[in-house]
Amino acid sequence: MTTLLNALAGSWHWSVSGAMIAGTMFLLLYAGRTFGFSSNLRTMCTIAGAGKRHAFFDFDWKAQRWNLVFAAGAIIGGYLAFFVLPNPEPVEISSSTINWLASMGITAPADTGGSSSYVPPELYATNQIFTLRGLVALVGGGFLIGFGTRWAGGCTSGHAITGLSNLQLPSLIAVIGFFAGGLLMTWLFLPLILAI
Amino acid sequence: MKILYYLFLGIVFGFVMTKSEAISWYRIQEMFRFESFHMYGIIGTAVVLGGGGIALMKRFDIKTYNGNELNLKDKDWSVPRYLFGGTIFGLGWALTGACPGPLFTLLGQGIWAIGLVILSAMLGTYVYGAVRDRLPH
């Protein structure tokens, strides 16, 4: 039992994780739904009243209630995986990535007493909200996610997982875009933003 | 009961995203720098198994639990919409180290700054909804 709990708490092999994600998609399809997380952002805009101003948000959001419940579950799942069955080891990334990040002043993932080893405190510590660099990264990054996913009609779950699984050429174009943007950010813009 | 089904699936998904470390900003940087196979392994496994499963579901005409067709519509053909929208999302993905699912899962870790990212993602979606008629689709 302890061995099982330890295995559950630690970092999972990529094949197990990938299989579980595919399983999630199948179970949503079986329920007549589709695996697409970014739709929740549109639903949340509608709930906030955006439908009165723009037709794009004027839809019956109750049809998307299941997806909001799924998102709420994703929050609880994150809580359970982090607080109830925490991984005793910090996220273990390759040493070349650690060296590259160190050259920009980003510390390696480490269990720094209660704070998360999943994200760098240099960007995600709560007091970063009040720094220019933090604002650019968090507000700017969030805006790009919200605008980009809706224009592309989906995110990693909708296009990269479901769309590619369903052999959709548009999704392949979207995923090429995801990577073009990601490579541009990591290799070109991120070093500039971190230097703010 | 249906609510519990989606809640359960969401909990499993959030748990998997955490244990797979796909929610980690560090993992996303490592992926875009091609310095580990980990993230490619996760996405690759999901797509290979997902593709095989969907092909089988179509081959054997599997229906939903209540006998309807599966919700797998073909996406409308376009290039600019997917390429430009996708690139903009990719920029945000690599900057925040999170796609929309992990945004919510990280909130469960008590990383309050992610709340700001979620709010600005809503703003980004709102601005898209306001200007979408002027964008190529």
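Residues are numbered from 1 along each chain as its sequence is written, while chains are lettered from A and ligands numbered from 1 in the order in which they are written. Local features of this predicted model need pLDDT of at least 70 and side-chain atom pairs count only at pLDDT 80 or more, whereas totals for chains, interfaces and linings use all residues, and side-chain values rest on heavy atoms, with hydrogens and water left out.

Side chains of opposite charge can pair when their charged atoms come close. Glu35(B) forms a salt bridge with Arg33(B), and the closest N and O atoms are 3.5 Å apart. The term salt bridge is used for a side-chain nitrogen of Lys or Arg within 4 Å of a carboxyl oxygen of Asp or Glu. Arg33(B), with a relative accessible area of 14%, is buried. Arg33(B) also lies over the face of Trp187(A), 4.4 Å from the ring centre. A charge sits over a ring when NZ of Lys or CZ of Arg is within 6 Å of the ring centre and within 35 degrees of the ring normal. Another such case is Arg42(A), whose charged end sits over the ring of Phe56(A) at 4.1 Å from its centre.

Over all chains, the search finds 5 salt bridges. One of them joins Lys63(B) and Glu69(B), with 2.5 Å from N to O. Lys63(B) is partly exposed, because its relative accessibility is 27%, and Glu69(B) is exposed, because its relative accessibility is 56%. Glu21(B) and Arg27(B) form another salt bridge, with the closest N and O atoms 2.8 Å apart, and both residues are buried. Salt bridges link Glu21(B), Arg27(B) and Glu30(B) in a network.

Most residues other than glycine have a negative phi. Glu21(B) has a positive phi of about 65° although it is not a glycine. The residue is found in the loop between α1 (2-19) and α2 (25-32) of chain B, where helices (H or I, at least four residues) and strands (E, at least two) are DSSP runs numbered from the N terminus. Its relative accessibility is 2%, so Glu21(B) counts as buried. Leu167(A), also not a glycine, has a positive phi of about 55° and lies in the loop between α8 (156-165) and α9 (169-194) of chain A. Leu167(A) is exposed, because its relative accessible area is 76%.

Chain A has 9 helices and 0 strands. Of its 196 residues, 52% count as buried. Its C-alpha atoms fill a box of roughly 50 × 45 × 35 Å along the principal axes.

The contact between the chains takes 129 residues from chain A and 108 residues from chain B, contact being heavy atoms within 4.5 Å. The area buried between chain A and chain B is about 10500 Å², and carbon and sulfur atoms give 76% of it; buried area is the accessible area (1.4 Å probe) that two parts lose on being put together, summed over both. Across this interface the rule finds 0 salt bridges.

Trp12(A) and Phe15(B) form a tilted pair, 5.8 Å centre to centre and with 50° between the planes. This pair joins two chains, because Trp12(A) lies in the loop between α1 (2-9) and α2 (14-30) of chain A and Phe15(B) in helix α1 of chain B. Phe178(A) and Phe89(B) form an edge-to-face pair, at 4.8 Å and 85°, which crosses from helix α9 of chain A to helix α4 (residues 80-96) of chain B. Rings of Phe, Tyr and Trp (its six-membered ring) pair if their centres lie within 6.5 Å, and planes under 30 degrees apart count as stacked, over 60 as edge-to-face and the rest as tilted. Both Phe178(A) and Phe89(B) are buried.

The largest nonpolar core has 93 residues, and those with the most contacts inside it are Tyr124(A) and Trp25(B). Its largest share, 9 residues, comes from α9(A). Such a core is a set of buried Ala, Val, Leu, Ile, Met, Phe, Trp, Tyr and Cys residues joined through side-chain atoms within 4.5 Å. Leaving out residues up to four places away in sequence, Tyr124(A) touches residues including Val119(A), Leu138(A), Trp25(B) and Ile111(B).

Terms used:
Buried means under 20% relative accessible area, exposed over 50%, partly exposed in between (1.4 Å probe, protein chains only).
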